[in-house]
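I opened the model today to look up how its parts are arranged, and I kept notes as I went. The entries below follow the order in which I looked.

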Amino acid sequence: MTTTHQPNNPIDSNVTAELFTIRDWIRFAVSQFEASDIFYGHGTDNAYDEAVWLIMSALHLPMDTLNNFLDARITSTERTKLAAFIEQRITQHTPTAYLVKEAWLQGLRFYVDERVLIPRSFIAELLNSDLTASDLNTDSLSAWIEFPEMIESAADLCTGSGCLGILLANAFPNAAIDVIDISQDAIDVANINIANYGLEAQVTAIKSDMFSALTGKKYDVIISNPPYVDAPSMAALPAEYQNEPQLALGSGVAGLDHTHTILREAANYLNDDGILIVEIGHNREALEAAYPNMVFTWLEVSSGNEFVFLLTKSQLE
Ligand SMILES: C[S@@+](CC[C@H](N)C(=O)[O-])C[C@H]1O[C@@H](n2cnc3c(N)ncnc32)[C@H](O)[C@@H]1O
């Protein structure tokens, strides 16, 4: 069943002329959001946080200056912009990230627009954790990568905005990183983020249908947050997610088409001691049923240990 959304009402332009300060605008946005049926899930989970993010970011004000500027008055040009953003958020269900052209992952800001998925990967947590800490639990990534500075090559397959590839570059400063996507739009956005972080010498964006353009390449680490939404969930997505590229979400009936390709081919692109790390959403049970002889290691992330698996090259062969 396809979810249909009643359009929320456009906002009244006379009312917005009565709003003067940032405090007024945050209050107004919260009221509008609360009265609408918008869905949260791209960086915030409530009307207040969403309103503060939209307004501060639209005004190009750092979030930690909110208290200083609450009673600052805004110009008529800024007012027009805020009114348009709030209206688009409630009537089109456009995610705030697309309105303000930014998303945050592990404290890093990434440029995003409608050409890419809004970053929200569990793999980011793993790359941001202290990889140099010795942790012998096999569900921690540091147990598998003893010396991050010795990683020479890594790939982020299905990179979207390039966010995970940039975190890879930070985690493995001596590695050459390839970030790969089938979508030229995604490659273009990834290149914006690579340039914004000054990583052109370390990170290369490659347009490729999965591994097809990577012939002859070998990596120490391959990570992937591929599309993994199953068909029933695709049909019931909130409108906010329908505003994202559908190519970034759906992966066949069971949500595992891309993961099957990765499991079939990744060993050919890994060095002998190489490892593969893949995010699969809520598909752990289906995946283990499909590969009863595969010994997956499930890495611990903030929401549990069923979303990201690790396999070595020898386990894949
Ligand atoms: C879930 S998004 C992940 C984006 C990014 N890694 C992140 O975590 O925000 C999946 C990405 O896979 C890309 N993709 C879909 N099919 C692909 C394919 N056959 N080969 C390579 N990339 C593909 C999509 O364009 C999308 O950018």
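**Domains**

I began with the two domains and found that the centres of domain 1 and domain 2, taken over C-alpha atoms, are separated by 33 Å. I note at the outset that this is a predicted model. The domain assignment places domain 1 at residues 13–100 and domain 2 at residues 116–316. I then looked up what each domain gives to the contact, and found 8 residues from domain 1 and 6 residues from domain 2. On the side of domain 1 that touches domain 2, I have 4 nonpolar and 4 polar residues, with no charged residue in the list.

**Helices H2 and H3**

I turned next to H2 and H3, whose axes come within 9 Å and cross at roughly 130°. An angle over 145 degrees would count as roughly antiparallel and 65 to 115 as roughly perpendicular, and H2 and H3 are therefore oblique to each other. I recorded the crossing of H2 past H3 as right-handed. From H2, the residues Ile 22, Trp 25, Ile 26, Ala 29, Val 30, Phe 33 and Glu 34 meet Ala 47, Tyr 48, Glu 50, Ala 51, Val 52, Leu 54 and Ile 55 of H3. By class, I wrote down 12 nonpolar, no polar and 2 charged residues for this contact of H2 with H3.

**Helices H2 and H5**

I then looked up H2, residues 22–34, against H5, residues 76–91, and found that they pack at an angle of about 15° with their axes 10 Å apart. Because of that angle, H2 is roughly parallel to H5. The crossing of H2 and H5 is right-handed. On the H2 side the contact is made by Trp 25, Ala 29, Gln 32 and Phe 33, and on the H5 side by Leu 82, Ile 86 and Ile 90. I count these in my notes as 6 nonpolar, 1 polar and no charged residues.

**Helices H3 and H5**

For H3, residues 47–58, I found that its axis and that of H5 come within 10 Å and cross at roughly 145°. H3 passes H5 in a right-handed crossing. Here Leu 54, Ile 55 and Ala 58 of H3 are in contact with Lys 81, Leu 82, Phe 85 and Arg 89 of H5. The classes for the contact of H3 with H5 are 5 nonpolar, no polar and 2 charged.

**Ligand shell**

Which residues come nearest to the ligand? Of the 21 residues around the ligand, I listed Ser 121, Cys 158, Gly 160, Ile 182 and Ala 248 as those that come nearest.

How values were computed. Residues are numbered from 1 along each chain as its sequence is written. This is a predicted model: local features need pLDDT of at least 70, side-chain atom pairs count only at pLDDT 80 or more; totals for chains, interfaces and linings use all residues. A residue is near a molecule or strand if its C-beta atom, placed from the backbone, lies within 6 Å of it. Axes are lines fitted to C-alpha atoms, for helices over the stretch in contact, and angles run from 0 to 180 degrees between N-to-C directions. Helices (H or I, at least four residues) and strands (E, at least two) are DSSP runs, numbered from the N terminus. Angles under 35 degrees count as roughly parallel, over 145 as roughly antiparallel, 65 to 115 as roughly perpendicular and the rest as oblique. A crossing is left-handed if the near helix is turned anticlockwise from the far one by less than a right angle, and right-handed if clockwise. Two residues are in contact if their C-beta atoms, placed from the backbone, lie within 7 Å. Ala, Val, Leu, Ile, Met, Phe, Trp, Tyr, Cys and Pro count as nonpolar, Asp, Glu, Lys and Arg as charged, and the others, Gly among them, as polar. Domain bounds come from an automatic or database domain assignment.
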